[in-house]
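Trainee: Let's go through this one question by question, and please spell out the cut-offs as we go.

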Amino acid sequence: MTSDSDETSRSPSPPRSPKRPMYFVQSPSRDSNDGYKSSSIQATPSCSSPTDSHSHTSSSRHSRTSSSTRFSGSLRGNRRKNIKGWRECDVIVEEGDYDDLYYDKGFLGRCRTFLALLGFVLLFTIFCLSIWGASKPYKPRIKVKNFSVHNFHIGEGLDATGVPTKMLTANCSMKMSIYNPATFFGIHVSSTSVNLMYMQITGASGQLKKYYQPRKSRRTLSVSLKGDKVPLYGAGESLAESDRNGGVPMKLAFEVQTQGNLVGKLVRSKHRRHITCSVVIDSANLRFIKFTENWCTYH
């Protein structure tokens, strides 16, 4: 004999609802200021009844709100928090400006170029100074050898303005030798005007032609001096009196200039010699005058 309670317990249990499928809801990050793209993934069962749907909807909203709030807070703190027990992963953030690296390389390259150029200029300067210093002892040797008087006449005449005065006409020549002792460079030789002077008056003058003289060489030069009716003014009387008394004391004066190009025209060796020679001229006895060492000075 069975009771109602036994019948009730033996009655078949209502069938269980079938297993609900699972799906994932992905919500984008709400923090637009951070550069990371993130998502919140929530596992939610499908709903088969209004009651389940209502409860699921409420729980889903609560889950999304809480997860979004947590995730936004984690982004503001520059870290990620583990919400569902997932494995945490580190985020590698590359910071820095590659332009600075390229700028540093360019700056170093320019510094190396500048240092190389500076070193070359320094070495070249030392080289030029060494050559210039080595050229200083090689001074050209100049010697006036002789002086010839072909014509020497004192007369009367008028100057360009018509003033009467004594006039001097002279025709002379001078020979000198120049020796270049340099062993590694030639020289360019020139001179100022070669003047035959009485007191401060130039009675005749000539010019040495510029030329090039090779190294370790000697050359003899001839210079012609001419003066045509040179007015003497107040010096005319004293000059004529000296000529009557045996000879007119006169002076040769000029300067010889030499230049050697050692490294093109960048490094040069220059020398100057100022030369004066004393000579006595007698218009009645024109002769060849050979100079001795005491007759000329070289400065």
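Trainee: What does G246 count as, and at what relative accessibility?

Mentor: Ground rules before the number: this is a predicted model, local features need pLDDT of at least 70, side-chain atom pairs count only at pLDDT 80 or more, and totals for chains, interfaces and linings use all residues. Residues are numbered from 1 along each chain as its sequence is written, and side-chain values use heavy atoms, leaving out hydrogens and water. G246 sits in the loop between α4 (236–244) and β10 (248–263), with helices (H or I, at least four residues) and strands (E, at least two) being DSSP runs numbered from the N terminus. Buried means under 20% relative accessible area, exposed over 50% and partly exposed in between (1.4 Å probe, protein chains only), so G246 counts as partly exposed, at 46%.

Trainee: How far apart in space are G246 and N285, C-alpha to C-alpha?

Mentor: Start with the sequence, where G246 and N285 are 39 residues apart. In space, C-alpha to C-alpha, the value is 9.1 Å.

Trainee: How many salt bridges does a search of the whole structure find?

Mentor: Side chains of opposite charge can pair when their charged atoms come close. The test here is a side-chain nitrogen of Lys or Arg within 4 Å of a carboxyl oxygen of Asp or Glu. Run over the whole structure, the search finds two.

Trainee: What is the distance between the closest N and O atoms of K166 and E156, and is each partner buried or exposed?

Mentor: K166 and E156 form a salt bridge, with the closest N and O atoms 2.6 Å apart. The pair links distant parts of the chain, K166 in strand β4 and E156 in strand β3, ten residues apart. With a relative accessible area of 16%, K166 is buried, whereas E156, at 61%, is exposed.

Trainee: Which residue forms a salt bridge with R272?

Mentor: The closest N and O atoms are 3.0 Å apart. R272 belongs to strand β11 (residues 267–281) and the partner to strand β10, 17 residues apart. That partner is E255.

Trainee: How many aromatic pairs does the structure hold?

Mentor: A pair of aromatic rings is described by the distance of the centres and the angle of the planes. Rings of Phe, Tyr and Trp (its six-membered ring) pair if their centres lie within 6.5 Å; planes under 30 degrees apart count as stacked, over 60 as edge-to-face and the rest as tilted. By that rule the total is six.

Trainee: Why does the pair of Y138 and F184 tie together separate parts, and how many residues apart are they?

Mentor: Y138 and F184 pair edge-to-face, 6.0 Å centre to centre with 85° between the planes. Y138 lies in the loop between α3 and β3 while F184 lies in the loop between β4 (164–180) and β5 (187–191), so the parts tied together are apart in sequence by 46 residues.

Trainee: And what angle lies between the planes of F147 and F291?

Mentor: This pair is tilted, with the ring centres 6.4 Å apart. F147 is in strand β3 and F291 in the loop between β12 (288–290) and β13 (296–298), so the pair ties together parts 144 residues apart in sequence. F147 counts as buried at 0% relative accessibility, and F291 is buried too, at 6%. The angle between the planes is 50°.

Trainee: What accessible area do the residues of the nonpolar patch on the surface have together?

Mentor: Patches are made of residues with over 30% relative accessible area and no salt bridge, joining like charges within 9 Å and nonpolar side chains (Val, Leu, Ile, Met, Phe, Trp, Tyr) within 5 Å. One member is F124 of helix α3 (residues 98–135), which counts as partly exposed at 31% relative accessibility. L117, F120, V121, F127 and L266 are the others. With areas from the Shrake-Rupley method (1.4 Å probe; for residues, only the protein chains shown count as cover), the patch has about 620 Å².
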